[in-house]
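Dear colleague,

Please find below the sequence and structure for your review. I would be grateful if you could read my notes alongside them.

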Amino acid sequence: MEHALDIALTVNGTQVRRRVAARQHLVDFLREELGLTGSHLGCEHGVCGACTVRVNGEIVRGCLMLAVQANGGRVETVEGLSESGELAALQKSFHEKNALQCGFCTPGMLMAAQDLVRQKVRLSREQIRTHLSGNYCRCTGYQAIVDAIEEVLNGQG
Ligand code: FES
Ligand code: FES
């Protein structure tokens, strides 16, 4: 493999070692090398948010980060957060509020929304919309998505 580098990182709590092309993006690495296809690829240039994952506790665009940049780090995807139950309240709320149609944007929306939920702050709908402004939905529209997130934020006591 041309310009390949060895990387070691933790993905959803599991230690992973791979030899990767230096220019492979993190989201491609997750999808193609590890089979974690929950993170989607939409625009591939940092606009739509479909590829949102968490790296060392911060949400990032998986299409704007190289896999080699995550070397030594801790990556969490929608699969990992689903499995740990961290997304359970949001997933339930999205379901109840019909906050998805095709579901393409949903993993990124959930990752971005959970970033708010874990800050345990009360936010207005406008503030929720601002936080989600980097996540595009082409079918449901944002009303139900904001409803779902607002319900979880307001239910946090
Ligand atoms: S695919 Fe990464 S932001 Fe659109
Ligand atoms: S539910 Fe289809 S893009 Fe958002």
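The notes below go from the overall fold to the sheet, a helix pair and one cysteine.

This is a predicted model, in which local features need pLDDT of at least 70 and side-chain atom pairs count only at pLDDT 80 or more, while totals for chains, interfaces and linings use all residues. Residues are numbered from 1 along each chain as its sequence is written, chains are lettered from A and ligands numbered from 1 in the order in which they are written, and side-chain values use heavy atoms, with hydrogens and water left out.

Overall fold

The protein chain has 6 helices and 5 strands; these are DSSP runs numbered from the N terminus, helices being H or I of at least four residues and strands E of at least two. From the N terminus, their order is β-β-α-β-β-β-α-α-α-α-α. The C-alpha trace spans about 50 × 30 × 20 Å along its principal axes. Of the 157 residues, 45% count as buried, meaning under 20% relative accessible area with a 1.4 Å probe, protein chains only.

The 5 strands form an open sheet in the order 2-1-5-3-4, with mixed pairing; two strands pair if DSSP finds at least two bridges between them. Strand 2 (14-21) and strand 4 (58-61) are the edge strands, each pairing on one side only. Strand 1 (residues 4-11) and strand 2 run antiparallel and are joined by 8 bridges. Threonine 10 stands opposite glutamine 15 in strand 2. Helix 1 packs on the sheet, touching strand 1, strand 2, strand 3 and strand 5 (74-76); contact means heavy atoms within 4.5 Å.

Helix 4 and helix 6

Helix 4 (residues 106-117) and helix 6 (residues 142-154) meet through Met109, Ala113, Leu116 and Val117 in helix 4 and Tyr142, Ile145, Ile149, Val152 and Leu153 in helix 6. The residues of this contact divide into 9 nonpolar, no polar and no charged, where Ala, Val, Leu, Ile, Met, Phe, Trp, Tyr, Cys and Pro count as nonpolar, Asp, Glu, Lys and Arg as charged, and the others, Gly among them, as polar.

Cysteine 51

Cysteine 51 lies in the loop between helix 1 (26-33) and strand 3 (52-55). Cysteine 51 is buried, with a relative accessible area of 3%. Beyond its neighbours within four places in sequence, cysteine 51 contacts Val27, His40, Val60, Arg61, Gly62 and Cys63. The C-alpha atoms of cysteine 51 and valine 27 are separated by 6.4 Å, although the two are 24 residues apart along the chain.

Yours sincerely

Note on methods. Buried < 20%, exposed > 50% of the residue type's maximum accessible area, 1.4 Å probe, protein only. Axes fitted to C-alpha atoms, helices over the stretch in contact; angles between N-to-C directions.
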